[in-house]
Amino acid sequence: MTPTVSASGLCLRYGGTRALDDVSLRLTQGVTGLLGPNGAGKTTLLRVLATAVPADQGAFTVLGQDPGTARGRQEVRRRLGYLPQTPGFHPDFTAFEFVDYVAILKELTDRGARHREVRRVLDEVDLSDVRGKRIKKLSGGMRQRVALAAALVGDPGFLVLDEPTVGLDPEQRMRFRELIARAGEGRTVLLSTHQTEDVAMLCHRVVVMAAGAVRFDGTPAELTARAAGRVWSSTERDPGAKAGWRTGLGAFRNVGDPPPGADLLEPTLEDGYLLTLDGAGTEVAV
Amino acid sequence: MRRLSGVPAVWRALTPPVCRTVPWRALAAGGALGLLLAGMPRMVDGLNDDFYALNLLRAAALAFALSLAFLLDDPARHTTAAVPTPRPARQALRVALVAPVAALWWTAALLLVPAEVRPPTGDITLEAAATLVLTLAASATALRFAQEAEPGTAVAAGLLLTAALTMVLVPDRWAMFVYMKDEGWAASHDRWAMVLAMAVLVWGVCGPEPLRRRVRPVPSGA
């Protein structure tokens, strides 16, 4: 399958900090999850791929275009949807007016067709009922959906979503997952998140980043398999575990290198993620 | 999906929403304060001389410039970071919408000053233009090098501080705020012209979105 995004050797430095360190990856159709701790470089990578900031080194193509040239960047942006980590709005605009404004910025054609497209995306994110309401009067979850509608307008082939479920309550998160799953049908979605459940439920592929570098690139099942035989239960906290916490049932769930004869448990994606990160030595008591 | 055929079509469609994003309230406040300052020689007998008229006009220009510091603020900056209509185009549209208003405002400010105490129109207009363009250049620079969506407050504070420091610290031979009967008046306006040219240059350099970053070599082991 032809990759939507093909990147090699991306580097970006902020002062003395290496935000991206030789990142290479290929993205194909479907939802790819991007996991990593705070400061891992996820947002920087997304901003680079969304053409919001140029990389210092490396090259990449999006939908066959090179964003390193003015014409290429223009073409990429015509087929790109981007939902930033902290979307901002003109608060006096209504939801409809704001998405319409973004649609104009995306060079959408005449008023009638553009308005139909805006109504379509607002309908897609279940905001039709409040489309005439000013954004400053909408809840946080609704604002997030306005930003998603703005990203979806124009039917982009590549959708970049930076932690879209952060700050949402469980019901809103479920609703957002539905929207992202729908958005991933027929297009390429890159989803940055802290929620391993989001990745487990939505993504056909997962990339784990730490300290600006890619630490894992594969399927969620492969990431989970990294923890096979390395998760065990114990009645006391195991000091040899890389991470361990008391579960609601009273026993400790440990992740790391188990002692001989340990009571092994079925691993989860989160276990595989913890073991992939270098700094997974924190002990968590629940 | 069909798209607008060219830049003029995008600008036509963009004008109404961009017009709504202009900080008209801030501009109205700065403009009103400026007109009040410019009109003081006419309203207050003790201020009706050329020295006060000159400095009140300068204060009026500064008041308007402070409000102009918010012109390029864009709360939706990050949400619209990756659209094909580039940020400088949107900024240019805002400036184009405000420029005639600013020109009218400055004309009104000049006319409020009694003709007998009014400073030379060309020279004082050069000072005002340099102050306003410097403000816009500072805003464009802040947007280029910081991730801040609304740097207006910081730019306004910086402008105020710069004006104060220029008055206090700049030596006489480089003075910018010179009395019009002073022999250094003409030379100071050469400097104002240079400030204007530099501000235009900085704005021109910082306005466009970069395709590549300038990479500074990092010492090994860093």
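Two strands pair when DSSP finds at least two bridges between them. Keep that in mind for the sheets below. This is a predicted model. The predictor gives the complex an ipTM of 0.87 and a pTM of 0.88.

**Stop 1: the six-stranded sheet of chain A**

Start in chain A and show the strands as a cartoon. Six of them form an open sheet, in the order S5-S6-S7-S3-S8-S9, with mixed pairing. Go to the edges: strand S5 (80-83) and strand S9 (213-218) of chain A each pair on one side only. From one strand to the next, the twist averages 15°.

Now select S5(A) together with strand S6 (residues 158-162) of chain A. They pair in the parallel sense, over four bridges. For a landmark, pick Leu80(A): opposite this residue, in S6(A), stands Phe158(A).

**Stop 2: the nonpolar cores**

Which residues have the most contacts inside the largest nonpolar core? Select Phe98(A), Val99(A), Val146(A), Ala149(A) and Val160(A). The core itself has 87 residues. Helix H3 (residues 95-105) of chain A gives the most to it, with nine residues. A second, separate core has 46 residues, including Ala61(B), Leu66(B), Ala128(B) and Ala137(B).

Zoom in on Phe98(A). Leave aside the neighbours within four places in sequence, and Phe98(A) is in contact with Phe89(A), His90(A), Phe93(A), Ile135(A), Val146(A) and Ala150(A).

**Stop 3: a hairpin in chain A**

Move to strand S1 (residues 5-14) and strand S2 (residues 17-27) of chain A. These two pair in the antiparallel sense over seven bridges. Select Leu12(A), then its bridge partner in S2(A), Leu20(A). Two residues sit between the strands of this hairpin, and Gly15(A) takes a positive phi near 60° there.

**Stop 4: the four-stranded sheet of chain A**

Go on to the other open sheet. Its four strands come in the order S11-S12-S10-S13 (chain A), and the pairing is antiparallel. At the edges are strand S11 (241-246) and strand S13 (263-264) of chain A, each pairing on one side only.

Then select strand S10 (residues 231-234) and strand S12 (residues 252-256) of chain A. Four bridges join them in the antiparallel sense. Click Trp232(A): the residue opposite, in S12(A), is Asn254(A).

**Stop 5: an exposed arginine**

Select Arg182(A), in helix H6 (residues 170-183) of chain A. Is Arg182(A) buried or exposed? It counts as exposed, because it has 12 C-beta neighbours inside 10 Å, and the cut-off for exposed is 12 or fewer. Next, draw a distance from Arg182(A) to Leu202(A). The two lie 20 residues apart along the chain, and 9.9 Å separates their C-alpha atoms.

**Stop 6: chain B as a whole**

Switch to chain B. It has eight helices and zero strands. Its C-alpha atoms fill a box of roughly 65 × 50 × 25 Å along the principal axes. Of the 222 residues in chain B, 38% are buried. Take the contacts in chain B between residues at least 6 apart in sequence: 76% of them join residues at least 24 apart.

Color by confidence. Chain B averages a pLDDT of 91, and 92% of the residues score at least 70. Then select residues 216-222 of chain B, where pLDDT stays under 50. For this stretch the model has two contacts beyond four places in sequence.

**Stop 7: a buried alanine**

Select Ala65(B), in helix H4 (residues 50-68) of chain B. Ala65(B) counts as buried because 26 C-beta neighbours lie inside 10 Å; the cut-off for buried is 20 or more. Show its contacts, leaving aside neighbours within four places in sequence: Thr131(B), Leu132(B), Thr135(B) and Leu159(B). Then find Gly34(B), 31 residues from Ala65(B) along the chain, with 9.5 Å between the C-alpha atoms.

**Stop 8: where the chains meet**

Finish by showing both chains. How many residues does the contact take from each chain? Chain B gives 28 residues and chain A gives 36 residues. On the side of chain B that touches chain A, 18 residues are nonpolar, five are polar and five are charged.

Key. Residues numbered from 1 in each chain as written. Chains lettered and ligands numbered in written order. Predicted model: local features only at pLDDT ≥ 70, side-chain atom pairs only at ≥ 80, totals over all residues. Core = buried A, V, L, I, M, F, W, Y, C linked by C-beta atoms within 7 Å. Contact = placed C-beta atoms within 7 Å. Nonpolar A, V, L, I, M, F, W, Y, C, P; charged D, E, K, R; others polar. Axes fitted to C-alpha atoms, helices over the stretch in contact; angles between N-to-C directions. pLDDT = per-residue confidence, 0-100.
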